Amino acid sequence: MYQGSPAQKYVKARGLDDVAPSFGLGFVASAIPGHERYAGHLAIPYLRPAGGEDSVATVRFRCIADKCVKDADGRYFFETGQKERHSEFHSKTGKYLTLPGDPPRLFNTPALIRPSPVLVVVEGEFDAMTWEAAGVPGIGAPGTGTWRDYWSPALLGYQTVYLISEDAAGFKFMESLAAQMPNAKIIEMAGNQDSNSTFLLEGPKALRERIGL
Ligand SMILES: [Zn+2]
């Protein structure tokens with residue numbers, strides 16, 4: 001059950017409790033044999049607008065283990081401006097697990113079929129969900145350097161596509177995307193804060209103002 005799970009608590013603390021149901025977020029309380037490594041993770045489905053059997057393209061699993069995400073006082077590291085500690089406890093697997101052999105995919109493609117003059121592109125599922133929570137359609141690439149060229153044409157019809165960057169690696173990534181899209185505009189986030197931190201610290205209005213909305 002997601003309700004009341006550590007996954008829900010984590011997502012709520014990140015300010016995304018309201019949008020969690022529309023993204024179908026889940027918690028892997030126990031896993032079937034062969035999938036044990038996903039146990040205890042937050043499950044993030046990649047929903048597709050087709051619905052039915054084709055509604056979930058894949059699922060990624062995010063580590064929310066207490067030792068990785070909370071300090072000794074039980075506060076989440078993101079609440080105190082510290083980095084999560086996944087690399088200390090499981091340096092080989094990282095904070096996200098992907099199904100074996102799964103290629104990079106775009107997160108939140110339902111945003112692409114909603115009428116809107118603007119679109120936001122971020123790195124990561126949490127930031128994409130954050131923009132949705134702020135009322136702006138947002139899609140997420142599952143990491144720096146994961147972009148596939150065949151994703152770009154879907155973005156050419158927008159008046160403006162805002163490419164959000166919060167660090168040097170992100171800026172380089174977004175710069176390479178901007179080269180493929182004449183309607184793109186790179187937004188550098190102040191103080192290296194990602195979209196979710198900005199949303200949490202300053203609220204949805206302040207986040208929208210970053211792109212002039
Ligand atoms: Zn971890």
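# A tour from the zinc site outward

Select glutamate 84 and histidine 86: their side chains make a polar contact of 2.6 Å. Keep in mind that this is a predicted model.

**Stop 1: around glutamate 84**

Stay on glutamate 84. Its place is in the loop between α3 (66–69) and α4 (86–89). Is glutamate 84 buried or exposed? Its relative accessibility is 19%, so it counts as buried; the cut-off for buried is under 20%.

The side chains of tyrosine 10 and glutamate 84 are joined by a polar contact of 2.6 Å.

Which other residues does glutamate 84 touch? Leaving out residues up to four places away in sequence, its contacts include Arg14, Arg62, Cys68, Val69, Phe77, Phe78 and Lys95. Pick lysine 95 from that list. It lies 11 residues from glutamate 84 along the chain, and the two C-alpha atoms are separated by 9.0 Å.

**Stop 2: the zinc ion**

Go back to histidine 86, the residue in polar contact with glutamate 84. Histidine 86 is also one of the residues that coordinate the zinc ion. Select the ion and its donors: Cys63 (SG), Cys68 (SG), His86 (ND1) and His90 (NE2). The distances run from 2.1 to 2.4 Å.

What is the arrangement of the 4 donor atoms? They subtend angles of 106 to 113° around the zinc ion, so the arrangement is tetrahedral.

Trace the donor residues along the sequence. Their spacing is C-x4-C-x17-H-x3-H. Then check cysteine 63 and cysteine 68: both are buried. Cys68 is also among the residues touched by glutamate 84.

**Stop 3: the open sheet**

Select β1 (26–27), strand β2 (residues 42–47), β3 (56–62) and β4 (96–98). These 4 strands form an open sheet in the order β1-β2-β3-β4, with antiparallel pairing. Which strands stand at the edges? They are β1 and β4; each has a single partner strand, so one side of each is left without a neighbour in the sheet.

Look at β1 beside β2. The two pair in the antiparallel sense over 2 bridges. Glycine 26 stands opposite alanine 43 in β2.

**Stop 4: valine 122**

Select valine 122 in strand β5. Valine 122 has a relative accessible area of 1%, so it is buried. Which residues does it touch, not counting those up to four places away in sequence? Among them are Asp127, Ala128, Trp131, Ile139, Gly140, Ala141, Ile164, Met174 and Ser195.

Pick methionine 174 next. It is 52 residues from valine 122 along the chain, and their C-alpha atoms are separated by 8.8 Å.

**Stop 5: two asparagines**

Start with asparagine 108, in the loop between β4 and β5 (118–123). Its phi is near 70°, a positive value in a residue other than glycine. With 7% relative accessibility, asparagine 108 counts as buried.

Finish at asparagine 192, in the loop between β8 (184–188) and α7 (195–202). Asparagine 192 has a positive phi of about 55°, although it is not a glycine. Is asparagine 192 buried or exposed? Its relative accessible area is 59%, so it is exposed.

Notes:
Residues numbered from 1 in each chain as written. Predicted model: local features only at pLDDT ≥ 70, side-chain atom pairs only at ≥ 80, totals over all residues. Heavy atoms only, no water. Pairing = 2+ DSSP bridges. Contact = heavy atoms within 4.5 Å. Axes fitted to C-alpha atoms, helices over the stretch in contact; angles between N-to-C directions. Buried < 20%, exposed > 50% of the residue type's maximum accessible area, 1.4 Å probe, protein only. Polar contact = N/O pair within 3.5 Å; in protein donor to acceptor, adjacent residues only side chain to side chain. Donors = N, O, S within 2.8 Å, 3.2 Å for Na, K, Ca; no water. Tetrahedral: all angles 85-135°; square planar, octahedral: opposite > 155°, others 65-115°.
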